[in-house]
Amino acid sequence: MTPVNNALYDELGERWYTAQDDPVALLRAEGRLRNPWIATEIAARCGAGAAVLDIGCGGGFLSNELARAGFAVTGLDQSAESLSIAQSHDTTHSVHYEVGNAMRLPYPEVSFSAVCAMDFLEHVEDPAGVIREAARVLRPGGLFFASTFNRNWLSWLVVIKGVEWFVPNVPPNMHVLHLFITPREMARYCQAAGLHRIRFRGLRPRLNRAFWRLLWTRVVPEDFEFTFTSSLLTGYLVTAEKA
């Protein structure tokens, strides 16, 4: 099977935060919807100042927002180049960024009140192993958050081919269909890791003027938006709790 191209994240540099002609602009748009919602959920369930681990944190979109919300954040990624950019955009100067392997997290058990894995599980060959590690470092009652893509023909058409057709500078094999995860598989992985109270929430682009400008110009507008949906056919969020 075609391997996913994870080297692309070493090459983005400041484009993590500036590029409009690149799929990373879609990640930023997703974050504008998703990250405040995650911060609110953690605050409500875990309290102010909770310790949070962001696995596969990339350029720090979620980590830095959670730090601004007052949480004690650790961001882990295998790309030192991405972490350098993330740290340069940490206005709180409080996030602990660290190079590491999601399959062997360098933290003891029950270290964190929440663990996040945004747009990451579809980039590894063993997502169940990552979820087991996330559960290991979670405290009892701690929260696990992840976002990924469902594996079906519509996701192939929208998430892989649609992005290739309408967004410039898409690297080869940025996503590969066989690594996408169905909600049923995700629920099974979470349950096997000792996580329960599993909830799903879909995400999709908002079909407004910014969406149609993207299709026409092949530039992701600053006002491009995502919205939550009940459909899990393409992108979705999962939230679970450690027993």
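Colleague: How far apart are the end C-alpha atoms of residues 53-145, and how much of the span is helix and strand?
Modeller: The end C-alpha atoms lie 10 Å apart, and the span is 30% helix and 30% strand. Helices (H or I, at least four residues) and strands (E, at least two) are DSSP runs, numbered from the N terminus. This is a predicted model: local features need pLDDT of at least 70, side-chain atom pairs count only at pLDDT 80 or more, and totals for chains, interfaces and linings use all residues. Residues are numbered from 1 along each chain as its sequence is written, and side-chain values use heavy atoms, without hydrogens and water.

Colleague: Which residues of helix 8 are buried, and what puts them on the same side?
Modeller: In helix 8 (residues 209-217), Ala 210, Phe 211 and Leu 214 are buried (under 20% relative accessible area, 1.4 Å probe, protein chains only). They cover an arc of only 105 degrees around the axis, so they sit on the same side of helix 8; the arc is taken from the directions from the helix axis to the C-beta atoms. The face turned away carries Arg 209, Trp 212 and Trp 216, which are exposed (over 50%).

Colleague: What do the buried residues of helix 8 pack against?
Modeller: They pack against helix 6 (153-166) and strand 6 (195-205), with contact meaning heavy atoms within 4.5 Å.

Colleague: Which atoms make Asn 208 a cap of helix 8?
Modeller: A side-chain oxygen of Asn 208 lies 3.2 Å from the backbone nitrogen of Ala 210, at the N-terminal end of helix 8.

Technical notes. Polar contact = N/O pair within 3.5 Å; in protein donor to acceptor, adjacent residues only side chain to side chain.
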